[in-house]
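Hi,

Here is the structure for your files. My notes follow below it.

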Amino acid sequence: MTVTAFYQSLCEQLSGLLSDERDWLANTANASALLFLELPDINWAGFYFLHGDELRLGPFQGKPACTRIPVGAGVCGTAVETSQSQLVEDVHQFPGHIACDAVSASEVVVPLYNGDRCIGVLDIDSPQVARFTEQDLAGIEAFAQILLQHSDLPAG
């Protein structure tokens, strides 16, 4: 299966999973479980939600994680500060990386928006250097858009 076909299938699974549910908390919990179950070679998948000038831990799958991340700090905080997805091949080379799990080696983070307001991020970690490609990023961004479309979103 190609990477594109894999993410199309993953997005279809998410659409089906969320078809009768609008609750943001339930949907992010199920989305993180689906990612953790289906994405190979990852060790963490979950959400952080923006509260003022910090991100706070939301639903996730994986080892216990950092509870609060300041905007601008680490990969997640940088995604919020720059309003851009982050694809990091080697987190140990990322300036200001926050090591919530020392085993993590690469990371992809997608900011989540309600209109023009950032409400949080989707964060996925891998123990492999360079685990994520531009194709993975595009697939994960599409996954995030489906989640946003099927959920009653927090104000941010």
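Helix H1 (residues 3–18) and helix H2 (residues 24–38) have axes that come within 11 Å and cross at roughly 150 degrees. Axes are lines fitted to C-alpha atoms over the stretch in contact, with angles from 0 to 180 degrees between N-to-C directions. Helices are DSSP runs (H or I, at least four residues), and strands are E runs of at least two, numbered from the N terminus.

This is a predicted model: local features need pLDDT of at least 70, side-chain atom pairs count only at pLDDT 80 or more, and totals for chains, interfaces and linings use all residues. Residues are numbered from 1 along each chain as its sequence is written, and side-chain values use heavy atoms, without hydrogens or water.

On the H1 side of the contact (heavy atoms within 4.5 Å) are Phe6, Leu10, Gln13, Leu14, Leu17 and Leu18. They meet Asn27, Asn30, Ala31, Leu34, Leu35 and Glu38 in H2.

Leucine 34 is in H2. Its relative accessible area is 10%, so leucine 34 counts as buried (under 20%, 1.4 Å probe, protein chains only). Leaving out residues up to four places away in sequence, leucine 34 touches Leu10, Gln13, Leu14 and Phe143. Leucine 34 and leucine 10 sit 24 residues apart in sequence, and 8.3 Å apart in space, C-alpha to C-alpha.

Now the lining of the largest cavity. Strand S1 (44–51), helix H3 (74–82) and strand S6 (117–126) each supply at least two residues. H3 gives the largest share, three residues.

Best wishes

Conventions. Buried < 20%, exposed > 50% of the residue type's maximum accessible area, 1.4 Å probe, protein only.
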